Amino acid sequence: MGKPELQERLTAAECANRTGLTVRALRVYEEYGLIAPRRSAAGWRQYGAEDLVKLNTIALLKSAGLSLTQIRDVTRSSPETPSLQRILQIQLATWRTRLEDAERGRAITQAALARLNSQHPLSVDELCNVIRSFEMTQTPSASSPTSTSEEKDAEDVIIEPAVLDRYVGYYASHKGEFGFYTLTRDETKLIMQITGQPPVDLYPVGEGEFSVKVVDAQITFIEGGEGQATGLVLRQGGVEIRAERIDAATAEGLRVKLAFRIEQKTPTQGSEEALRRLIAGTRAGTPNYEEMSPAFAQVVQRQLSRLQPMSSYLGDIQSIEFLGVGSAGWDVYDVRREQGSQRWRIAVGSDGKIQGAIVVLTSPMPVSLGP
């Protein structure tokens with residue numbers, strides 16, 4: 001029947017991270033009766049091969065435009081679940097169709113651009129064709145659990161305060177150069193605050209695993225000796241950021257150091273040069289990933305195809321002005337280019353690597369870049 005040979009069981013966070021879904025999506029699918037992961041002795045969800053096959057089927061049917069209610073009705077009314085081979089065959093045919101649509105869209109766009117480059121305006125029909133070709137290549141996201149009207153919040157799991165206390169404390173990544181994570185407990189709830197950002201509630205999804213609903217991120221604590229976690233792993237959008245536990249004195253020292261930089265408006269050495277190279281590399285479609293942290297390099301790779309056309313349109317840099325240091329320790333620059341102005345925030349570590357960057361295009365539209 002083509003069943004995959006998989007004995008491994010995944011936790012909710014592991015399943016979300018390895019499939020590209022979110023923990024919330026998994027919970028919504030379960031609420032709709034589309035999957036039914038088994039539970040461990042402690043009551044935590046465990047996802048096996050049969051669940052992954054069902055998730056694959058859900059993704060396929062969602063890509064065809066079916067709502068979760070329709071998918072539930074279809075799968076329940078069908079006398080026999082399609083085999084994995086059949087599902088993969090349908091997926092392969094779908095990808096072929098999308099490739100054909102993308103190729104047609106590329107040809108139409110290329111022809112329109114060539115006409116404009118030759119100083120010929122586009123007709124109404126040509127403009128409509130460009131829009132139609134782009135819309136045809138847009139597909140629903142299989143990782144999006146449902147429409148707004150179908151959304152359901154997963155039930156909250158209560159964890160003993162003594163267990164949550166193992167995670168309370170301070171954690172820092174990148175040597176704490178751009179702030180740190182502060183974990184506190186409010187009765188039976190764990191709360192996380194990243195320097196320069198508002199606090200967010202964490203929701204348990206497994207042993208030592210929590211989700212952040214507002215940004216679809218997952219937190220996994222690294223268990224250590226003496227009953228305390230020694231670190232944490234933040235997963236968001238396929239990117240992993242690891243942070244190690246630090247003591248209160250170290251956290252206070254980092255806070256004081258950051259406050260001094262903000263007050264003195266002291267830019268990180270080399271941040272302007274790094275920003276110039278990042279903009280030039282993005283514009284050319286050839287950014288230097290060697291001068292980026294692994295996590296940030298992943299983000300740039302994923303967003304390059306979207307950002308490169310806009311950066312190319314904006315043209316050369318006319319001027320760069322340092323404005324100060326943001327609340328999280330990122331340097332803030334005003335960048336004026338041939339076709340518009342931008343407000344950049346960039347984080348460059350003491351090793352010279354770019355840890356992150358965010359850009360707001362003040363004219364004509366906002367764009368973001370960063371983990």
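Predicted model: local features only at pLDDT ≥ 70, side-chain atom pairs only at ≥ 80, totals over all residues.
Residues are numbered from 1 along each chain as its sequence is written, and side-chain values use heavy atoms, with hydrogens and water left out. The chain has 10 helices and 14 strands, where helices (H or I, at least four residues) and strands (E, at least two) are DSSP runs numbered from the N terminus.

**Chain totals**

- Of the 371 residues in the chain, 38% count as buried, a class that means under 20% relative accessible area, with exposed over 50% and partly exposed in between (1.4 Å probe, protein chains only).
- The chain has an accessible surface of about 20600 Å², of which carbon and sulfur atoms hold 52%; such areas come from the Shrake-Rupley method with a 1.4 Å probe, and for residues only the protein chains shown count as cover.
- Among contacts (heavy atoms within 4.5 Å) between residues at least 6 apart in sequence, 53% join residues at least 24 apart.

**The barrel**

- Eight strands form a closed barrel in the order β3-β4-β5-β6-β7-β8-β9-β10, with antiparallel pairing, and two strands pair if DSSP finds at least two bridges between them.
- Neighbouring strands of this sheet are turned by 35° against each other on average, direction ignored, with axes fitted as lines to C-alpha atoms (for helices over the stretch in contact) and angles running from 0 to 180 degrees between N-to-C directions.
- Helix α8 (residues 248-264) packs on the sheet, where it touches β3 (169-172) and β10 (239-246), and its direction makes about 115° with that of β10.
- Strands β4 (residues 181-186) and β5 (residues 189-194) pair in the antiparallel sense over 6 bridges, and Arg 185 stands opposite Leu 190 in β5.

**Helix α9**

- The 14 residues of helix α9 (residues 271-284) should span 20 Å at 1.5 Å a residue, which agrees with the 20 Å between its end C-alpha atoms; the expected span is 1.5 Å times one less than the number of residues.
- Just after α9, Gly 285 takes a positive phi of about 80°.

**The loop between β3 and β4**

- His 174, in the loop between β3 and β4, has a positive phi of about 55° although it is not a glycine, and at 33% relative accessibility His 174 counts as partly exposed.
- Lys 175, found in the loop between β3 and β4, has a positive phi of about 60° although it is not a glycine, and Lys 175 is exposed, with a relative accessible area of 68%.
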